[in-house]
Amino acid sequence: MSERSERTIRHSSVASRGVGVTGSTEGPGGSPERLHRLAVATLDGNWEHDHTVPSRTLYPHQWSWDSAFIAIGLAHVRPERAWRELESLFHAQWTDGRVPHIVFNPRLPVGAYFPGPEFWGSAGAEGAPAAATSGIIQPPVHALAAWLAYRRAPSDAARAALRRLYPRLVAQQHYLGTRRDVGGGGLACIVHPWESGLDNSPAWDTPMAAVAADVAVMRAYRRHDTTHAHAAHRPTDLDYARYVAIVASYREDGYRDGGLAGRHPFLVECPLFNAASGAAEHALARIAPLAGADPGPHRERAARITEALVRRLYDPAAGTFQPRDLRTGRLVPARTVLGLAPLILPDLPARQIETVVAEARSARFGVAPRMDRPLPSYDRTAPDFEPLRYWRGPSWMNINWLIRRGLLTHGRDALAAGLGRSMVELVATAGCHEYFHPDTGAGLGSPAFGWTAALLLDLLADAREPAGAG
């Protein structure tokens, strides 16, 4: 073991000795019944009148893709809440179809979270909802979540909720396919690293380096994340200075998408984001008949997205998918878990399935029928792999869940089973943490984290009655 690895594991061991949701410094243990109770208690504790907060500490508002993943878990135990979760989020949809990445709770005081509603200033933007929101978006996993919530707990009430959501989900996809196709190649472009969901991934290092920013700007703000987590586990102040600069560029033009190519400093086509968009069209094709609509256009759009993903973001030399920086036109070479995400597409061509599965099984990620370590968010063989810092190495339950689903979709059941067992073991060892050390499994970030609990429930349900690719 290298000196660096020894240091980081010792650091993680010390950093993770906080009191979790069980009131203990240890994980809840491996009993499925005990894990189920822990997950339900976590979601119940994070319920906030019409939605679930990701955590009561660092994330006190409603987050977009968190709510989608949480709805999948809630469908197993509180199906009525699953639909309230999604509907409350879509009540804050903008008139252009965008679903904001944060919907702010007006009951909380100004300054309770950074960047808060006063930073985003959505009220002054054309088409913004009455609720205070951010002006950016997150991966469109919502249609898939809605379909799975219905499949998990079908009922007349669920079908009625699905019918209500359907036009809003269609509007979300229309927004992505039109206003966000900045590169003109049939893929949606993200305008901020936060839109990817993988905030400080090494995938964004190259495009972020071109964003002009002065770290001194952060003196004007108070970061809350480093109050609840060790600074060594979080994005740096320079990262945040660049995040602020990118938001300012978008906000100052009223969050308008017209003309982005000529004025915005961060424009990237992301494999995970677009794979989620393709999966959404497949899900909408399933939902459409229940809503009295034609599934055909959704199937056609799904096929176009998959074709564009392969054409624009697949690197045959690397055998994986990589983001494309539209400012330079080049693929970003960092090998991150983003490159595995297109496995969730049922129509991914055989060549890409084979090479991406090989990438998942490589020493970089280590997916196997029996896994000693969970799936990391970044190539664990890279010299800048950081097992403690947010998306630069740690393991995350939602990304593991997506990759597992992709493996099931393409008949890699043994690999999916190995990945699933490693996910359950993370929670059994450390509790429902936000993310986990990719070597030791120690819990990192916020305890009592919503999507970790929700997706654990989905895994436990699959263990009782395997859902397959659904």
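Contact, in these legends, means heavy atoms within 4.5 Å of each other. The views are taken from a predicted model.

View 1. The protein chain, shown here as a predicted model, holds 18 helices and 11 strands. Of its 470 residues, 60% are buried, a residue being counted as buried when its relative accessible area is under 20%. Among the contacts in the chain that have a separation of 6 or more, 70% are made by residues 24 or more positions apart.

**View 2. Helix α6 and the elements that cover its buried residues.** Helix α6, which runs through residues 142–152, is largely enclosed by the rest of the structure, because nine of its 11 residues are buried. The buried residues are H142, A143, L144, A145, A146, W147, L148, A149 and Y150. What covers these buried residues includes α3 (64–77), α4, α7, α13 and α16, and two of these covering helices, α7 and α13, also give two or more residues each to the lining of the largest pocket.

**View 3. Helix α4 and the buried glutamate E87.** Helix α4, made of the 12 residues 79–90, reaches 17 Å from its first C-alpha to its last, which is close to the 16 Å expected at 1.5 Å a residue. Its buried residues are A82, W83, E85, L86, E87, S88, L89 and F90. An α-helix has 3.6 residues a turn, so residues three or four places apart point the same way. Within α4, E87 counts as buried because its relative accessible area is 17%, which falls under the 20% cut-off. When residues up to four places away in sequence are left aside, E87 touches A161, R164 and L165.

**View 4. The largest pocket and the residues that line it.** The largest pocket contains about 340 Å³ of space. Its lining is formed by 19 residues, and those that lie nearest the centre of the pocket are Q173, G177, R301, R304 and I305. Two or more residues of this lining come from each of the elements α7 (156–178), α13 (271–287) and α14 (296–313), and the most come from α7, which gives six. By residue type, the lining of the largest pocket divides into six nonpolar, nine polar and four charged residues.

**View 5. The largest cavity and the residues that line it.** The count of cavities of 30 Å³ or more comes to four, and the largest cavity, shown in this view, holds about 240 Å³ of space. It is lined by 22 residues, of which Y59, W63, Q138, D199 and Y390 lie nearest its centre. The lining residues of this cavity divide into 15 nonpolar, three polar and four charged.

View 6. Most residues other than glycine have a negative phi, and most peptide bonds are trans. Y390, although it is not a glycine, has a positive phi of about 45°. The place of Y390 is in the loop between α15 (350–361) and α16 (397–409), where the residue counts as buried because its relative accessibility is 5%. Y390 is also one of the residues that lie nearest the centre of the largest cavity. Y255, likewise a residue other than glycine, has a positive phi near 60°. Y255 is found in the loop between α11 (237–251) and α12 (260–263), and it counts as buried because its relative accessible area is 2%.

**View 7. The cis peptide bond between F114 and P115.** The peptide bond that joins F114 and P115 is cis, with an omega of about 0°. P115 has its place in the loop between β4 (102–103) and α5 (117–120).

**View 8. T440 in the loop between β10 and β11.** The loop in which T440 lies runs between β10 (435–436) and β11 (443–444). T440 counts as partly exposed because its relative accessibility is 34%. A polar atom of the T440 side chain lies 3.1 Å from the backbone nitrogen of A442, a pair that falls within the 3.5 Å limit for a polar contact. T429, which is 11 residues from T440 along the chain, has its C-alpha atom separated by 9.5 Å from the C-alpha atom of T440.

Conventions
Residues numbered from 1 in each chain as written. Predicted model: local features only at pLDDT ≥ 70, side-chain atom pairs only at ≥ 80, totals over all residues. Heavy atoms only, no water. Helix = DSSP H or I, 4+ residues; strand = E, 2+ residues; numbered from the N terminus. Expected span 1.5 Å × (residues − 1). Buried < 20%, exposed > 50% of the residue type's maximum accessible area, 1.4 Å probe, protein only. 1 Å grid on protein atoms, 1.4 Å probe; cavity = no way out; pocket = protein on both sides within 12 Å on 5 of 7 lines; lining within 4 Å. Points joined across faces, edges and corners; volume = space filled by probe spheres on them. Nonpolar A, V, L, I, M, F, W, Y, C, P; charged D, E, K, R; others polar. Polar contact = N/O pair within 3.5 Å; in protein donor to acceptor, adjacent residues only side chain to side chain.
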